[in-house]
Each structure stands twice: as C-alpha cells, then as structure tokens.
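Please look through the structure below before reading on. The notes that follow take up a few topics in turn, beginning with a term that is needed later.

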There are 2 protein chains.
Amino acid sequence: MTETSERVAGSNAAADAGLPAAVSAPARIADPGEQISVEELQLAARNHGLPLEALACDITPPGLHYLLTHYDMPILDESTWRLRIDGTVESPLNIDLSELRAMPQRTLTVTFECAGNGRARYEPRAQSQPWLVEAVGTATWTGVPLARLLEKAGVRDGALDVVCTGADHGVERGVEQDYQRALDLADALDEDVLVAYEMNGSPLPLQHGFPARLVVPGWYGMAQVKWLTGIEVLAEQFDGFQHRAYRLRHWAEGADGGAEPDGVALTRIEPRALLIPPGYPDFYSRTRVVAPGEVEVSGRAWSGWAPVTRVQLTTDGGSTWIDAELDPEPGEQAGSERYAWRRWRATWLAGPGEYHLGARAQDASGRVQAVEAPWNRGGFANNSVQRVRVVCQDR
Amino acid sequence: MTETSERVAGSNAAADAGLPAAVSAPARIADPGEQISVEELQLAARNHGLPLEALACDITPPGLHYLLTHYDMPILDESTWRLRIDGTVESPLNIDLSELRAMPQRTLTVTFECAGNGRARYEPRAQSQPWLVEAVGTATWTGVPLARLLEKAGVRDGALDVVCTGADHGVERGVEQDYQRALDLADALDEDVLVAYEMNGSPLPLQHGFPARLVVPGWYGMAQVKWLTGIEVLAEQFDGFQHRAYRLRHWAEGADGGAEPDGVALTRIEPRALLIPPGYPDFYSRTRVVAPGEVEVSGRAWSGWAPVTRVQLTTDGGSTWIDAELDPEPGEQAGSERYAWRRWRATWLAGPGEYHLGARAQDASGRVQAVEAPWNRGGFANNSVQRVRVVCQDR
C-alpha cells in the first residue's frame with residue numbers, strides 16, 4: 001500500500017538520527033504506589049488479552065487471542081512480499097508466498113503467552129504493557145518448518161545463530177530497529193519451528209503477522225516474530241536489542257539497552273493454570289457471584305517446558321488446594337497438539353461467603369507454579385496464581 | 001454448551017439475592033489525581049480498542065474492531081438458539097437461525113463507537129472502561145431489518161417501545177440483569193435497523209454477538225445489543241438500567257442506578273476525526289518520529305447525526321488548522337455506506353521540532369468537534385481532539 005511504503009520510506013530516512021530521551025526513555029520501574037501512566041494505558045488499549053471466559057474454547061476464536069505489538073502493525077502486500085534467507089548459506093533464497101505455500105507444510109496447535117504476562121501484578125511494577133493474567137491464546141498454525149528453508153539455502157559451516165526480522169519498525173529505549181529475534185542453529189532446526197502462513201486454517205490476520213510469521217512452540221511470545229521479511233544465518237552470536245531486553249534481571253543495574261547483556265534470557269513458557277471465572281460478573285469489579293451448591297470450575301493449564309501433569313484448585317487464595325481432573329494428555333497420534341493447553345475441571349461445593357479462587361500447574365519437568373512468583377525488573381514470567389474474587393449468595 | 005447453560009442456571013438461581021456494595025458498588029468519580037484502579041486495568045485488558053494504524057483499512061480487520069463487553073461473552077449454541085418476538089403483538093414469534101436467514105436481508109457498512117470513548121481523558125475521570133480515543137471500528141453487517149420481524153409479528157395499537165434483550169448476564173451498580181436496551185417504535189421501524197447474523201460476510205464472531213445482534217446505524221455502541229435472544233414490544237416506555245446509565249449528566253446528584261432518570265439520553269454518535277499516527281512509534285511513549293519534508297497525514301471521520309462535510313488538521317494542538325481533503329461522499333448508489341467513516345488526507349510540511357497532531361470533524365447538521373469536549377459524570381461522548389505527539393528529526 002502507498003500508505004505503508006510512504007511510512008516505511010519516512011522511517012528509513014530517519015534511521016541514523018539520534019533520538020532524545022523525551023521521545024524514547026530508558027526502562028524504568030514505577031515508584032511504590034505510582035499510578036498507571038497514560039503510556040501504560042495507551043498500551044493496554046492497543047494490545048489486548050484473552051477475555052477469561054474464552055478459556056472455554058479449545059481454539060481461541062479469532063480476535064480473542066492475546067496480542068502484543070511492539071511498534072505499528074505493518075500492512076504488507078502479499079503480491080510484493082518476499083522472504084529472504086541469506087547470510088552464512090550456500091545459496092541465498094528470495095521466495096514469494098506461493099513458493100512458500102508449495103513447500104512441505106505441517107500444522108501444530110500451540111498455546112502462546114506473552115513473556116510480560118502478569119507484569120502489572122509485580123510490586124514495584126516495570127513500566128510497560130500492564131498485563132494482569134490474560135496475555136495468552138491457543139491457535140493452530142500451518143506453515144513450512146524453518147529447517148526446510150535452511151536446508152534449501154544450505155547452511156554453511158560455522159553457522160551459529162538464525163536471525164529473524166519482521167517488518168515492524170520503531171524505536172525502543174532509544175534504539176531504532178526492525179523487530180528482530182534469533183534462535184541458535186539447533187533450536188532453528190527443530191522440526192516444530194514453523195514459518196507459518198495460516199492461523200486456524202485461514203491466511204494470517206493482519207495483527208498476527210500477515211503474510212508469514214515465525215512460530216516457536218513452547219517459547220514466550222517475543223520469539224514468535226511476526227510480519228517476517230528476512231532470515232539471516234550468522235557465523236557469530238546475535239546480540240540484538242530484544243535479546244538484551246527479554247532477560248530476567250533481579251537487580252536494577254544495567255539499562256535494558258546496554259551493551260552488556262546480563263541476567264537470564266527468557267526462552268520457554270513457565271507453567272500456568274487459569275480458571276474460567278464461575279457464575280456471573282459485576283461489570284466494574286469483575287467480582288463473581290455464584291449460588292450455593294456444586295460449582296463446576298474448569299480452565300486450562302500449560303507449560304513450555306514439559307506436559308502439564310497436575311493442576312490444583314484453591315478457593316482460599318492459596319492456603320489449601322484440591323486436585324483437579326485433567327483431560328487426557330494428547331497421545332502420540334495427537335503429537336500436533338502437544339504444545340496446546342490442557343483442560344482441567346474440579347467441583348467446588350460452595351457455601352455462602354467470599355472466596356478467592358485460583359489454580360496452579362505442575363509439569364513433567366517438576367516445575368510448579370508459585371503462589372507468588374519472584375520479582376524481576378522487566379516484569380517477566382509472572383505466573384503467580386490467579387485471584388478470582390467470588391461471592392456465594394445465600395437465598 | 002453445558003458450560004454456558006450451567007452458568008446461566010446458576011445466575012438465574014441467584015436472581016433475587018441482594019448484592020453487597022463490596023460486590024457491586026455505585027458509580028463513582030475518581031478523586032483528582034487518583035490512579036487508574038486495578039478494576040479499570042482489568043477492563044482495559046479485556047476490552048480492546050482499534051490500533052490506530054488500522055484506520056488505514058476501509059473495513060476494520062476481524063479482531064481489530066473495538067470491543068466492549070459489559071459482563072461475560074455468552075457462548076451460544078446456534079442449533080438451540082431461538083429469537084422471541086413478543087409483547088404487544090398479534091402473533092408472537094419464536095424463530096431459529098435458518099428462519100432468520102430465510103427472511104429479506106440487507107447489508108450495511110457501519111462505523112461503531114463506544115459511548116465511553118475518551119472517558120479516561122476527562123478530568124476528573126468516571127471509574128469505568130478507561131478508553132482514550134480508540135473505541136471505534138467499521139464493519140459490514142448483514143441481517144434482517146427489525147421492521148420485517150415486527151411486521152411479521154404484527155405490532156398492536158398502543159405499542160411504544162421495542163426492548164431488545166441479550167444473553168449476556170451480570171450485575172452492574174447493584175442491579176442484576178440481562179443486557180437490555182429499547183428503541184421507540186419509530187426508531188425500531190427504521191429500515192436500516194438490522195438483526196444482523198453476518199459481519200464482513202461471515203457468521204458473527206463470538207465476541208460480536210453470535211449468532212445474532214442488533215445493529216442501529218449512527219448510534220453509540222450501547223444500542224447495538226449483542227447475543228440477541230428476545231425482542232419485546234411494550235405498551236409503555238422502557239426504563240431499564242442501561243437507559244438510566246447511558247445519560248449525559250453534568251452534576252453529581254442521582255446515582256446511575258437511581259429510580260429517577262435525569263440528564264440527556266445518549267443516542268447518536270457525535271462527530272469525530274482520528275488520524276493515523278505518522279512515521280514510526282516509540283514502543284512505550286507512542287511518540288512518533290518523522291523525517292523532515294512532506295508528510296502525508298490521513299485518517300477517518302464520522303458522525304451519527306449527518307454526513308461529515310469538513311475535516312481540519314492541526315499540528316500545534318489546536319491553535320491553527322488546515323483543511324483536509326475528503327474522499328468523495330458515498331452517492332445514492334452507495335447508500336449502504338452512508339453510515340461508514342469517511343477518509344481524509346492532508347499534506348504536512350514537517351520541519352525539525354516537536355508537534356501535537358490532531359483533527360476535527362464537522363457534519364452537515366452543523367455539529368463541530370470541540371478541542372475539549374464538555375465534562376460529564378459518566379465520561380461519555382468525549383470527542384475532544386486527539387493529541388498525537390510527533391518529533392521531526394533533522395538529519
């Protein structure tokens with residue numbers, strides 16, 4: 001579109017300009033009790049979470065899957081779109097969508113979660129997208145294994161990292177950039193890493209990376225590069241901005257944009273269980289109302305590390321727990337669903353009173369969800385147990 | 001679905017229970033400087049706005065149209081769904097989706113906007129969904145004119161109001177309810193008021209009211225009843241909760257839930273123009289960066305009262321204005337698009353410096369968008385001019 005190309009041209013022209021801190025300030029932690037800023041509110045209005053009642057759907061309906069866009073969503077023209085595969089390869093490729101669609105494909109059902117999910121529940125709070133618990137969704141993705149594209153291009157000796165570049169362009173903490181993330185060669189050659197061109201059987205929606213995006217099952221959202229335009233094989237380790245930003249740091253030193261990476265890189269999704277808030281809500285408080293008696297509580301649980309093996313429900317904010325019943329684990333024949341969340345159910349005999357419901361997940365790697373996840377300065381991976389306030393009304 | 005029917009059963013059982021203010025408090029205005037509450041943040045994470053770059057699309061792509069759900073989205077089963085038309089009619093109807101689809105249909109392209117759009121920009125702020133400027137979207141809706149259904153049922157003498165009931169159930173300011181809004185008989189018989197079952201040529205998405213919803217072109221979102229289950233013709237004036245809540249009040253007396261309606265009922269959409277933020281954004285501040293030179297600024301403008309006749313652009317926060325060029329108005333042959341937003345464009349010669357861009361719309365009824373809309377206690381109809389901070393960088 002002219003619109004888009006004009007805007008891209010404009011941004012390229014300014015590519016070398018330094019930007020004042022008033023435009024793009026360093027990361028900062030809100031002061032204790034400091035209010036949600038208008039900037040955080042702007043992000044919350046743009047980016048949206050999964051309305052928790054939609055946890056009832058195995059596949060998140062289009063438009064309800066969580067969405068986090070760092071810059072603007074680029075509107076790409078599929079007739080002119082090309083995907084470059086170059087760098088440390090025998091024969092660089094420059095393929096169009098029909099060529100991509102003609103290659104061997106596979107379909108996987110994958111639960112995505114934003115690495116910043118839960119950020120606004122940390123105290124103090126990193127100023128960024130203020131997620132509570134809802135930055136999650138599950139979809140089926142169809143595409144070409146990245147490994148097929150790398151084989152076709154012929155990876156040369158000495159290759160270390162595979163850098164994926166999106167068309168989304170902006171500035172972040174003073175650094176102008178196209179969105180970029182890398183995988184090391186071993187991860188990039190995993191048969192389940194896809195260059196996807198379909199979501200739930202249809203072409204990718206604009207906001208999910210049309211016409212093609214990366215899908216790295218089990219990893220947090222920052223790895224799922226949207227609006228993919230380039231794949232470059234590097235003979236050295238990639239040290240891009242998003243790799244320095246998406247790290248678990250437990251001390252305040254070292255600005256995210258700094259040259260010296262520190263902390264632990266975020267990769268796979270920590271275990272989490274969420275429940276469908278039972279009964280009906282109050283519009284403003286979202287407090288739930290249920291009638292006394294048996295209440296079916298159900299939800300979903302997932303982990304990027306290993307299959308979920310146990311889910312427990314609490315109705316008292318984490319003091320006591322009862323085991324939930326898990327839907328059968330996908331068998332070998334359902335290998336395409338092993339990255340999808342797992343349904344769980346429990347029956348709660350509710351008497352008059354006030355309750356705080358939550359659930360916690362455990363996976364086959366032994367990871368257990370904490371009632372309160374440890375703080376980190378970026379506000380990442382906060383899988384602290386959900387707190388759903390429920391009032392049970394006597395007749 | 002069992003899930004849903006259980007929840008509905010549960011809520012009906014509690015229908016007569018009184019609810020403590022701790023569950024569902026009266027409306028309140030935030031104190032001066034009072035921070036965004038966790039309740040407002042929860043609403044912002046559930047309900048989402050149009051990412052402003054999507055203003056480039058004539059029809060808002062699925063999933064990017066604004067969304068405001070008062071309670072939970074009910075998951076209805078189209079095989080058991082029925083629509084009742086009863087009350088002051090000759091022969092009550094109870095029709096299924098295939099019967100609805102067999103009736104005379106029409107398709108209209110309509111711009112929707114939430115009556116609460118702009119609420120968080122008022123000072124002081126009503127505590128509710130904290131929209132800034134983005135609660136808008138445009139879609140094509142296909143359905144049966146409500147007039148055809150009312151003719152089929154045969155409206156009896158003395159009919160005054162037509163009450164539409166949705167399946168979404170909750171409590172709001174202490175009042176338990178299914179979502180309900182009424183139109184007076186004259187408005188209900190307008191040929192352009194539809195019971196819609198398709199959005200952009202596909203069945204309604206869950207979040208937009210599957211399987212059928214009301215579409216009242218030109219009116220704010222509160223009139224667009226989703227998950228429609230009943231249409232009742234009344235011989236008296238309807239005085240439901242949502243009619244008492246959606247009113248312009250300029251004084252603090254009279255709780256929204258009070259028995260005595262006051263203020264002015266919200267009906268049609270006030271004129272508004274929005275621009276696509278030019279250049280590229282900073283992730284956190286959303287401040288825009290452009291290169292010096294000619295910058296194409298474009299956007300959309302709409303009014304529920306009359307066609308948009310003029311749009312002006314400001315780059316200095318409203319002190320000075322230049323006229324924008326409007327796309328041709330839809331002619332008679334394009335009557336189906338007369339409720340859709342109108343595209344506008346202006347060229348801005350940008351020099352190094354900092355700017356605040358905004359646009360204002362005027363319509364054929366003479367209504368002009370104010371730079372600062374007058375305050376009202378519900379935080380409604382705030383069409384104050386957008387403020388997009390842009391920094392133009394010299395080389």
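This is a predicted model: local features need pLDDT of at least 70, side-chain atom pairs count only at pLDDT 80 or more; totals for chains, interfaces and linings use all residues.

In this briefing, helices (H or I, at least four residues) and strands (E, at least two) are DSSP runs, numbered from the N terminus.

**How chains A and B are related**

- Two copies of a chain are related by a rotation about an axis and a shift along it.

**Two helices of chain A**

- Which residues of helix α4 (residues 146-153) of chain A are buried? They are A:Leu146, A:Ala147, A:Leu149, A:Leu150 and A:Ala153.
- Seen down the axis of α4(A), these buried residues fall within an arc of 160°, so they line one face of the helix.
- An α-helix has 3.6 residues a turn, so residues three or four places apart point the same way.
- After α4(A) comes A:Gly154, whose phi is positive, near 75°.
- Helix α2 (residues 38-46) of chain A has as its buried residues A:Glu40, A:Leu41, A:Leu43, A:Ala44, A:Ala45 and A:Arg46, and what covers them includes α2 of chain B.

**Strand pairing in chain A**

- Strands of a sheet pair through backbone hydrogen bonds, either parallel or antiparallel.
- An open sheet in chain A is formed by 5 strands in the order β2-β1-β10-β5-β6, and its pairing is mixed.
- The edge strands of this sheet are β2 (93-95) and β6 (175-184) of chain A, each of which pairs on one side only, and the twist from one strand to the next averages 20°.
- Strand β5 (residues 161-172) of chain A pairs with β6(A) in the antiparallel sense over 9 bridges, and A:Asp161 stands opposite A:Asp184 in β6(A).
- Strand β16 (residues 293-302) and strand β20 (residues 342-350) of chain A run antiparallel and are joined by 9 bridges, with A:Ala346 in β20(A) as the bridge partner of A:Val297.
- Strand β19 (residues 325-326) of chain A also pairs with β20(A), in the antiparallel sense and over 2 bridges, and here A:Glu325 stands opposite A:Arg345.

**Salt bridges**

- Over all chains, a search of the whole structure finds 38 salt bridges.
- In one of them, B:Asp58 pairs with B:Arg300, and the closest N and O atoms are 2.9 Å apart.
- Because B:Asp58 lies in the loop between α2 (38-46) and β1 (83-87) of chain B and B:Arg300 in strand β16 (residues 293-302) of chain B, the pair ties together parts that are 242 residues apart in sequence.
- Are the two partners buried or exposed? B:Asp58 counts as exposed, at 53% relative accessibility, whereas B:Arg300 is buried, with a relative accessible area of 3%.
- Another salt bridge joins the side chains of B:Arg272 and B:Glu113 (2.7 Å, N to O); the pair links strand β13 (residues 272-275) with strand β3 (residues 106-113) of chain B, its partners being 159 residues apart.
- Both B:Arg272 and B:Glu113 are buried.

- A cis peptide bond joins A:Glu123 and A:Pro124, with omega about 0°, and A:Pro124 has its place in the loop between β3 (106-113) and β4 (136-145) of chain A.
- A cis peptide bond also joins A:Phe210 and A:Pro211, where omega is about 5°.
- Although A:Asn200 is not a glycine, its phi is positive, about 50°; A:Asn200 lies in the loop between β7 (194-199) and β8 of chain A and counts as partly exposed at 26% relative accessibility.
- B:Arg173, a residue other than glycine, likewise has a positive phi, near 50°; B:Arg173 lies in the loop between β5 (161-172) and β6 (175-184) of chain B and is partly exposed, with a relative accessible area of 22%.

Methods. Residues are numbered from 1 along each chain as its sequence is written. Chains are lettered from A and ligands numbered from 1 in the order in which they are written. Side-chain values use heavy atoms; hydrogens and water are left out. Buried means under 20% relative accessible area, exposed over 50%, partly exposed in between (1.4 Å probe, protein chains only). The arc is that of the directions from the helix axis to the C-beta atoms. A salt bridge is a side-chain nitrogen of Lys or Arg within 4 Å of a carboxyl oxygen of Asp or Glu. Two strands pair if DSSP finds at least two bridges between them. Axes are lines fitted to C-alpha atoms, for helices over the stretch in contact, and angles run from 0 to 180 degrees between N-to-C directions. Contact means heavy atoms within 4.5 Å.
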